[in-house]
Amino acid sequence: EVQLVESGGGLVQAGGSLRLSCAASGFTFDDYAMGWFRQAPGKEREGVSCISSGDGPPYYADSVKGRFTISSDNAKNTVYLQMNSLKPEDTAVYYCAAGKSCHRLRIGVSLRWGQGTQVTVSS
């Protein structure tokens, strides 16, 4: 069973921080790219970040560069998204996804999506 379990969302004030976690199981974690996406109210899904062993440096959307950091712990089969200096416009449901590459995730080809975790940033 391929499974992604997200956690770490919550309600924070602007300027605060959260760390999202995505625990993976059912596949060889280090053979896959892991990405974070978000969907804010009234907006389409946005790719936030992606990490892959074979695709070069991690990808970050311009809107989060310098504030968010993606990392992975292969021993724990877990990918993280450290979110600092949060802004109200970061409010969204955040999803993690696994795919064969960050490119494949960008074009919508994935092995599995997580259930999502709500991040709400108050002003």
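Accessible areas here come from the Shrake-Rupley method with a 1.4 Å probe, and for residues, only the protein chains shown count as cover. On that basis the protein chain has an accessible surface of about 6,300 Å², and carbon and sulfur atoms hold 46% of it.

Before going on, the conditions. This is a predicted model, in which local features need pLDDT of at least 70, side-chain atom pairs count only at pLDDT 80 or more, and totals for chains, interfaces and linings use all residues. Residues are numbered from 1 along each chain as its sequence is written, and side-chain values use heavy atoms, with hydrogens and water left out.

The overall picture next. The secondary structure amounts to one helix and eleven strands; helices (H or I, at least four residues) and strands (E, at least two) are DSSP runs, numbered from the N terminus. Along the sequence the order is β-β-β-β-β-β-β-β-β-α-β-β. Taken along the principal axes, the C-alpha atoms fill a box of roughly 40 × 25 × 25 Å.

Of the 123 residues, 42% are buried. Buried means under 20% relative accessible area, exposed over 50%, and partly exposed in between (1.4 Å probe, protein chains only). Contact means heavy atoms within 4.5 Å. Among contacts with a separation of 6 or more, 58% join residues 24 or more positions apart.

On charges: the mean positions of the 12 positive and 11 negative charges are 2 Å apart. Lys and Arg count as positive and Asp and Glu as negative, while His and the chain ends are not counted. Each charge is placed at NZ of Lys, CZ of Arg, CG of Asp or CD of Glu.

Now some individual residues, starting with valine 48. Valine 48 sits in strand E5, residues 46-51, and it counts as buried because its relative accessibility is 0%. Which residues does valine 48 touch, beyond those up to four places away in sequence? They are Trp36, Phe37, Arg38, Tyr59, Tyr60, Ala61, Val64, Phe68, Leu81 and Tyr94. Proline 88 is 40 residues from valine 48 along the chain, with 15 Å between the two C-alpha atoms.

Leucine 105 belongs to helix H1, and at 2% relative accessibility it is buried. Leaving aside neighbours within four places in sequence, leucine 105 is in contact with Ala33, Met34, Gly35, Phe37, Cys50, Ala97, Ala98, Gly99 and Ser110. For the pair leucine 105 and phenylalanine 37, 68 residues apart along the chain, the C-alpha separation is 9.8 Å.

Serine 101 comes in the loop between E9 and helix H1 (102-106). Its relative accessibility is 14%, so serine 101 counts as buried. The side chain of serine 101 reaches the backbone nitrogen of arginine 104 at 3.0 Å. A polar contact, for reference, is a pair of N or O atoms within 3.5 Å; within protein, one must be able to donate a hydrogen and the other to accept it, and residues adjacent in sequence count only if both atoms are side-chain atoms. Not counting residues up to four places away, serine 101 touches Ala33 and Asp55.

Threonine 91 is another loop residue, placed between strand E8 (78-83) and strand E9 (92-99). Is threonine 91 buried or exposed? It counts as buried, because its relative accessibility is 16%. A polar atom of the threonine 91 side chain lies 2.9 Å from the backbone nitrogen of valine 121. Valine 121 is also one of the residues that threonine 91 touches, and the list includes Ala40, Pro41 and Gln118.

Two backbone angles deserve a mention. Asparagine 77, in the loop between strand E7 (68-73) and E8, has a positive phi of about 50 degrees although it is not a glycine. Serine 85, in the loop between E8 and E9, has a positive phi near 50 degrees and is likewise not a glycine. Asparagine 77 is partly exposed at 26%, and serine 85 is partly exposed at 41%.

Last, glutamine 13, found in strand E2, residues 10-13. At 62% relative accessibility, glutamine 13 counts as exposed. Apart from neighbours within four places in sequence, glutamine 13 is in contact with Val121 and Ser122. Glutamine 13 and serine 25 are twelve residues apart in sequence, and their C-alpha atoms are 32 Å apart in space.
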